[in-house]
Amino acid sequence: MEETLTAVLPLPEDYGGRRRSSIERRVQQILELVEGKNNLLVLMHNDPDPDAIASARALEELLRIHAPATGVTLGHGGIIGRAENRTMADEIVPHKVRISQRAAAAEMSVYDGVMLVDTQPVAANHLLWSTDYPGEEVLVAIDHHPPRRSQLRAKVHDVRPDVGASSTLLCEYLAVAEVPIDRRLATALFYGIKSDTMGLSRQTSALDIWAYSTLRHLVETDLLNRIEHVQVPRTYFRSISDALANTTIYTVSMPSAVDEEDEEEAEEAEEILEEDETDGYRSDLERFDLDIIALSRMLAPGSPGPPTGLEDGGEDADGGDEESEEETERAGDIAVSLLFDMPRPDMAAEVADLLMRMENVAWVVCLGIFQDQGVMSVRASDSNAKAGRLVRIIAGRNGSAGGHNTMAGGRIHLPDKTPAERIAELHALVPRFLKELGAGNDMGVALLEAE
Ligand SMILES: [Mn+2]
């Protein structure tokens with residue numbers, strides 16, 4: 001009987017009427033957009049993670065309840081690699097389809113509408129990027145990644161970078177639209193938020209705390225355990241062992257080390273950032289997050305205090321004012337891991353998360369090769385760090401990158417290169433990262449040989 005329990009998520013008690021009607025309006029818009037559509041594609045980003053999977057399933061449920069005549073397909077490009085994510089996909093979205101990069105253009109013509117979750121039209125990490133599908137035709141984009149400077153917007157475009165997970169946004173939609181959710185979906189959304197925010201420890205807003213605490217009572221514990229503690233093949237440990245053997249620890253000597261930055265390179269970087277950087281766009285919904293800070297404290301007395309990113313009064317995190325610059329220069333260790341020939345593209349992110357557990361670590365940079373691409377995964381411990389900005393500088397014009405202050409990723413395209421040349425390219429990235437992080441002169445010490 002427990003398994004079939006369903007519930008409409010209760011909204012926060014002081015959830016404002018304006019806020020509610022704003023979400024209601026968006027739901028209404030979505031329903032108008034899908035009217036008469038028979039074959040919609042809800043598209044996750046490539047190499048979907050738990051947040052993308054849960055968000056896709058939640059949007060499907062919203063449509064199933066409110067637009068039952070609409071056919072919906074859940075799809076993604078890339079590979080679901082991490083064992084936890086594969087298990088989650090098998091349990092939560094066994095009906096999803098994988099669309100190959102090569103067939104993307106042809107396959108896209110089958111659908112009469114596309115919605116993006118956990119990504120947005122201008123991002124390079126989804127299949128539309130490799131087709132000529134017009135981004136402004138995307139019906140819906142619900143995402144929490146910092147937006148790029150672009151006019152490209154979905155028809156219903158809800159992008160809130162202060163929120164820790166797209167699953168949180170979907171919880172808000174489901175609650176406002178009074179869609180009852182079962183324990184499986186609750187578990188999926190809970191794990192989506194948990195994994196994107198590392199259990200509310202990074203990039204967390206008041207809305208995340210609300211969703212997390214509300215979902216917690218509905219979680220199917222067995223299912224969550226099956227996903228979170230899935231067993232892995234022996235080869236997994238070899239990959240981790242190789243990664244650790246190729247990890248070097250560098251130390252930021254002095255905060256002033258960044259002064260040595262080469263002027264020319266800095267100018268080039270600024271140019272790239274001007275094209276790509278977050279433009280500080282804020283959804284009109286975000287400011288309402290302030291309304292429920294008090295509530296969130298009540299809900300989660302053991303939570304890590306007021307969510308970061310809200311105290312700055314809504315200033316753009318990339319504003320670069322002197323004070324916060326100084327705070328970010330706090331010294332700490334930099335762990336750099338090189339992963340040659342990764343079995344799957346999300347290996348770099350997994351190793352990066354693991355290395356973040358190291359004492360005194362300020363930055364983790366994992367660089368790997370998957371097929372003909374260099375994969376970068378960066379983590380920072382300081383919530384004011386600019387990890388997204390860092391990977392955009394490094395990726396430059398020869399790649400794609402994006403992310404938040406504390407977590408970011410990117411790809412560098414390395415076609416027409418021999419395996420040895422790809423490895424050389426990867427090695428060449430290390431001094432560039434170290435220079436940006438103020439450790440350009442440090443020789444480093446191997447992790448497994450360090451004290
Ligand atoms: Mn996400």
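In which strand is alanine 380 found? Alanine 380 is found in strand β12, which covers residues 373-380. The model described here is predicted. Alanine 380 is buried, because 28 other C-beta atoms lie within 10 Å of its own, and the cut-off for a buried residue is 20 or more. Its contacts include residues from elsewhere in the chain. Leaving out residues up to four places away in sequence, alanine 380 touches Ala362, Trp363, Ala385, Ala387, Asn405 and Thr406. Valine 361 lies 19 residues from alanine 380 along the chain, and the two C-alpha atoms are separated by 8.2 Å.

The chain as a whole can be described next. Its secondary structure comprises 15 helices and 15 strands. The chain has 451 residues, and 46% of them are buried. Among contacts with a separation of 6 or more, 74% join residues 24 or more positions apart.

The largest nonpolar core has 67 residues. Within this core, Val42, Ile53, Met115, Leu174 and Leu189 touch the most other members. Helix α2 (residues 50-66) supplies the largest share of the core, with eight residues. A second core of 45 residues is separate, and its members include Ala335, Val365, Ala380 and Leu437. Leucine 189 belongs to the largest core. Apart from residues up to four places away in sequence, leucine 189 touches Ala54, Ala58, Ser167, Leu170, Cys171 and Leu215.

At one end of the order, strand β13 (residues 399-403) runs antiparallel to strand β14 (residues 407-413), and five bridges join them. A hairpin of three residues connects β13 to β14. Glycine 403 has alanine 408 in β14 as its bridge partner. Strand β14 also runs antiparallel to β12, and seven bridges join these two strands. Here glycine 374 has isoleucine 412 in β14 as its bridge partner.

Strand β10 (residues 333-339) runs parallel to β11, with seven bridges between them. Leucine 339 is bridged to glycine 368 in β11.

Another open sheet has six strands, in the order β4-β3-β2-β5-β6-β7. Its pairing is parallel. The edges are β4 (97-98) and β7 (156-159). Each has a single partner strand, so one side of each is left without a neighbour in the sheet. Strand β6 (residues 140-143) runs parallel to β7, and four bridges join the two. Alanine 141 stands opposite histidine 157 in β7.

Helix α2 touches β2 (40-43), β3 (72-76), β5 (113-117) and β6. The direction of α2 makes about 135° with that of β5. Helix α5 also packs on the sheet, touching β5, β6 and β7. The direction of α5 makes about 120° with that of β6.

How many residues of helix α5 (residues 166-176) are buried? The count is 11 of 11, and the helix is mostly covered. Among these buried residues are Ser167, Leu170 and Cys171. These three residues are also touched by leucine 189. Leu174 is another buried residue of α5, and Leu174 is one of the residues that touch the most other members of the largest core. Glutamate 178 follows α5 and has a positive phi, near 55°.

Helix α6 (residues 183-196) packs against helix α8 (residues 221-228) at an angle of about 45°. Their axes are 9 Å apart. The two helices are therefore oblique to each other. The crossing of α6 past α8 is right-handed. From α6, Arg184, Thr187 and Tyr191 take part in the meeting. They meet Leu223, Leu224, Ile227 and Glu228 in α8.

Key
Residues numbered from 1 in each chain as written. Predicted model: local features only at pLDDT ≥ 70, side-chain atom pairs only at ≥ 80, totals over all residues. Buried ≥ 20, exposed ≤ 12 C-beta atoms within 10 Å, placed from the backbone. Contact = placed C-beta atoms within 7 Å. Core = buried A, V, L, I, M, F, W, Y, C linked by C-beta atoms within 7 Å. Pairing = 2+ DSSP bridges. Axes fitted to C-alpha atoms, helices over the stretch in contact; angles between N-to-C directions. Parallel < 35°, antiparallel > 145°, perpendicular 65-115°, else oblique. Left-handed = near helix turned anticlockwise from the far one by under 90°.
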